[in-house]
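Here is a short briefing on one chain. Look at the sequence and the model first, then read the points below.

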Amino acid sequence: MQVFRGIPERSEHGCVLTIGNFDGVHRGHQALLAKLTAKARSTGLPASVLTFEPHPREYFAHENRPRRLTSLREKIELLAAQGVDRLYIGRFNARFASLTAEQFIEDILIRGLGVRDLMIGDDFRFGKGRKGDFAMLQQAGQTAGFTVEAMHTLVHEGERVSSSAIREALAEGDMPHAARLLGRPYSISGRVMHGDKIGRTIGFPTANIQLKHRSPPLMGIYTVSVDGLADKPWPGVASIGVRPTINDAGRATLEVHLFDWSADCYDAHLRVNFLRKQRDEERYDSLEALTAQIARDAEEARAYFAQNPL
């Protein structure tokens with residue numbers, strides 16, 4: 001997949017296009033992308049996605065912005081896995097936010113991306129004041145020569161699939177629910193960084209995963225599997241939170257204790273799959289009390305894998 005930062009001044013080729021934030025690349029997104037790639041293959045045009053950085057709601061909401069399900073790198077990897085040919089990352093700033101709906105259609109869709117076929121969610125709005133809608137796109141398409149197709153929200157097992165519903169499931173610790181909506185376990189990926197190495201001193205060494213999520217959508221202790229270490233997923237137990245017993249910095253960290261793993265994994269890029277929530281994060285009066293609880297957490301996770309082998 002080709003990744004472009006920004007939108008060309010003028011397209012040299014046409015494309016089949018969809019637009020959205022694609023946070024999580026959940027089942028609904030996957031259904032839309034399947035239609036996109038099928039249309040692209042039938043027309044010989046590249047299957048293209050236009051997304052935004054930052055998320056428009058982050059730009060406008062500031063402190064009330066939604067917690068991201070995926071970092072930009074994770075989103076890129078997930079979109080590539082869905083067969084997307086080109087990803088355009090539009091910088092959402094004051095200039096972009098000031099574009100009228102008419103300017104968005106003319107400057108971005110027609111001239112910049114050369115859209116021939118456009119597929120969008122049925123609730124898609126665009127342009128300054130969110131004045132652009134499906135009807136406006138249809139009218140513009142009739143004039144400029146591109147087709148527009150609306151995708152209805154996917155309902156899976158009786159439930160509307162959305163990024164918001166996944167955030168709610170994660171906040172409630174309902175990992176099977178989140179996995180049903182995503183079509184896979186919720187995961188966070190990142191590079192293994194050097195930490196303070198306290199885990200080594202108490203008998204539970206951890207891989208410290210670099211968090212791109214400033215405000216991760218889940219907190220607590222989890223049974224996890226880890227991809228990127230071996231030719232199969234590796235079992236472990238993870239803590240994601242602010243480590244109140246260790247420090248008071250208030251910055252979220254992700255630490256994974258890998259079962260029966262002794263090799264160095266610094267700088268490896270790992271994906272941590274959250275399979276089951278064990279408990280919320282707690283503060284303990286001493287390192288000894290914390291160590292005893294970590295031992296119980298590890299035992300609980302091992303018992304889960306004894307019943308549910310990877």
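Phe52 and Phe96 are both buried, where buried means under 20% relative accessible area, exposed over 50%, and partly exposed in between (1.4 Å probe, protein chains only). This is a predicted model, in which local features need pLDDT of at least 70 and side-chain atom pairs count only at pLDDT 80 or more, while totals for chains, interfaces and linings use all residues. Residues are numbered from 1 along each chain as its sequence is written, and side-chain values use heavy atoms, with hydrogens and water left out.

**Aromatic pairs**

- The ring centres of Phe52 and Phe96 lie 5.5 Å apart and their planes stand at 70 degrees, so this pair is edge-to-face.
- Rings of Phe, Tyr and Trp (its six-membered ring) pair if their centres lie within 6.5 Å; planes under 30 degrees apart count as stacked, over 60 as edge-to-face and the rest as tilted.
- The pair links distant parts of the chain, 44 residues apart: Phe52 sits in strand E3 (residues 47-53) and Phe96 in helix H4 (residues 94-97).
- Helices (H or I, at least four residues) and strands (E, at least two) are DSSP runs, numbered from the N terminus.
- Phe52 and Phe96 belong to a cluster linked by ring pairs, together with Phe92, Phe104, Phe124 and Phe126.
- The structure holds twelve aromatic pairs.

**Whole chain**

- Ten helices and 14 strands make up the count for the chain.
- The C-alpha atoms fill a box of roughly 70 × 40 × 35 Å, taken along the principal axes.
- The chain has 310 residues, and 47% of them count as buried.
- Take the contacts between residues at least 6 apart in sequence: 73% of these join residues at least 24 apart.
- Contact means heavy atoms within 4.5 Å.

**Helices H5 and H6**

- Helix H5 (residues 101-112) packs on helix H6 (residues 134-144) at an angle of about 50 degrees, with the axes 11 Å apart.
- Axes are lines fitted to C-alpha atoms, for helices over the stretch in contact, and angles run from 0 to 180 degrees between N-to-C directions.
- H5 and H6 are therefore oblique to each other.
- Angles under 35 degrees count as roughly parallel, over 145 as roughly antiparallel, 65 to 115 as roughly perpendicular and the rest as oblique.
- The crossing of H5 past H6 is right-handed.
- A crossing is right-handed if the near helix is turned clockwise from the far one by less than a right angle, and left-handed if anticlockwise.
- H5 contributes Ala101, Glu102, Ile105, Leu109 and Ile110 to the contact, and H6 contributes Met136, Leu137, Ala140 and Ala144.
- By class, the contact of H5 with H6 has eight nonpolar residues, no polar ones and one charged.
- Ala, Val, Leu, Ile, Met, Phe, Trp, Tyr, Cys and Pro count as nonpolar, Asp, Glu, Lys and Arg as charged, and the others, Gly among them, as polar.

**Helices H7 and H8**

- H7 and helix H8 (residues 175-182) pack at an angle of about 160 degrees, and their axes are 8 Å apart.
- That makes H7 roughly antiparallel to H8.
- H7 passes H8 in a left-handed crossing.
- On the H7 side, Ala165, Ile166, Ala169 and Leu170 meet Met175, His177, Ala178, Leu181 and Leu182 of H8.
- The contact of H7 with H8 divides into eight nonpolar residues, one polar and no charged.

- Ser163 lies in helix H7 (residues 163-171).
- Ser163 is buried, at a relative accessible area of 13%.
- Leaving out residues up to four places away in sequence, Ser163 touches Asp23, His26, His29 and Leu69.
- His29 and His152 are 123 residues apart in sequence and 11 Å apart in space, C-alpha to C-alpha.
- His152 is in the loop between strand E6 (147-151) and E7.
- His152 is exposed, with a relative accessible area of 61%.

**Backbone points to check**

- The peptide bond from Glu53 to Pro54 is cis, its omega near 0 degrees.
- Pro54 is in the loop between E3 and helix H2 (56-61).
- Glu157 is not a glycine, yet has a positive phi of about 50 degrees.
- Glu157 falls in the loop between strand E7 (155-156) and strand E8 (159-160), and is exposed, with a relative accessible area of 61%.
- Asp267 also has a positive phi, about 75 degrees, although it is not a glycine.
- Asp267 falls in the loop between strand E13 (253-258) and strand E14 (269-279), and is exposed at a relative accessible area of 53%.
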